[in-house]
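Subject: Structure handover

Hello,

Here is the structure I promised to pass on. Please open it first, then read the notes below it.

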Amino acid sequence: MVNTKVSLSGLTLDNPVIPASGTFGYGYEFANFYDINILGSFSFKGTTKDPRFGNPTPRIAECDSGMINSVGLQNPGVDAVISEELPKLSKVFNKKVIANVGGFSVDEYVYNCMRLDKEQQVGIIEVNISCPNVHGGGMSFGTNPKDAALVTKEVKKVTTKPVYIKLSPNVTDIVEIAKSCEDAGADGLSLINTLLGMRINLKTKKPIVANKMGGFSGKAIFPVALRMVYQVYEAVSVPIIGMGGVSCAEDVIEMMLAGATGVQVGAANLVEPYACKNIIEALPGAMKKYGIDSLENIIGGAH
């Protein structure tokens, strides 16, 4: 009998498989397809203080082995998430959920995290520092070690639950930013967010996505994500949730060998609603194939 359980900052998960933010809504939509309680946990849609319609359409462009998205943090705002979405979620999911938090200023991050920290259903707060810093000229908080550390430090002042900082891969040195977050008190790290990409329509000769560029995700980015998880694992001592192009049980094992404790599945959910279910069901067989008795024993095993 293989053991698929892992522990993230004191939160025990039945398995490391976690649908990524923005690809699983608030969970209850997927509950129409299967019992989502088989998941380790899941990260719900990025939540901002105020409701957001998101970016102009079109927002999606297809790619070989991936996709471009520029949704723009469409969400109903933190008040509606707490009063409407979480109560609906509680009817179909009886485990702790990961609250993904966005923000356009340090104060907004702090406010959102403070509100969601009080929710019993929330087990981990995942802070997406890829949002544009409106006070810093529009550059992402996650591209500057000092900004990343500042968000981490201020959020930690108002939270009691584990805080995981979600890192952007669109930087020169992700290790430097990871270390700055750890030094500022982060309980864990999530990586990677999407790469920056674009597509051009050959008929119109214009960018397909209205915002011209968007987040590139899907199977094609897996080697990049794996490399970054490997590098960050060597530099920090806090747990890592790895993500980026994960689409099968073997990818989960590979990501854990690189240093991830939890593994998020993103774009695969948009292609196949049963993606996470299929991965979870295939994990024991993959573990036996590669002589793995316990997933916790292989974390960082490639180092």
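**What was found**

Ser-21 sits in the loop that runs between β3 (17–19) and β4 (60–63). Helices (H or I, at least four residues) and strands (E, at least two) are DSSP runs, numbered from the N terminus.

Before going on, note that this is a predicted model: local features need pLDDT of at least 70, side-chain atom pairs count only at pLDDT 80 or more, and totals for chains, interfaces and linings use all residues. Residues are numbered from 1 along each chain as its sequence is written, and side-chain values use heavy atoms, with hydrogens and water left out.

Ser-21 has 15% relative accessibility, so it counts as buried. Buried means under 20% relative accessible area, exposed means over 50%, and partly exposed is in between (1.4 Å probe, protein chains only). A polar atom of the Ser-21 side chain lies 3.2 Å from the backbone nitrogen of Gly-46. Neighbours within four places in sequence aside, Ser-21 is in contact (heavy atoms within 4.5 Å) with residues including Phe-44, Asn-100, Glu-126, Lys-166 and Gln-264.

Ser-140 is in another setting: the loop between β7 (122–128) and α3 (145–157). Ser-140 counts as buried because its relative accessibility is 13%. Its side chain reaches the backbone nitrogen of Gly-142 at 3.0 Å. Gly-66 is 74 residues from Ser-140 along the chain, and their C-alpha atoms are separated by 23 Å.

**Cysteines**

How many disulfides are there? The count is zero, where a disulfide is a pair of cysteine sulfur atoms within 2.5 Å. Cys-181 is in none: the nearest cysteine sulfur, in Cys-113, is 13 Å away. Cys-181 is buried, at a relative accessible area of 0%.

**A nonpolar patch**

Leu-196, Met-198, Ile-200 and Met-213 make a nonpolar surface patch of about 380 Å². Patches are made of residues with over 30% relative accessible area and no salt bridge; like charges are joined within 9 Å, nonpolar side chains (Val, Leu, Ile, Met, Phe, Trp, Tyr) within 5 Å. A salt bridge is a side-chain nitrogen of Lys or Arg within 4 Å of a carboxyl oxygen of Asp or Glu. Met-198 lies in the loop between β10 (195–197) and β11 (200–201). Met-198 counts as partly exposed, because its relative accessibility is 39%.

Best wishes

Notes
Areas by Shrake-Rupley, 256 points an atom, 1.4 Å probe, with all protein chains shown as cover. Polar contact = N/O pair within 3.5 Å; in protein donor to acceptor, adjacent residues only side chain to side chain.
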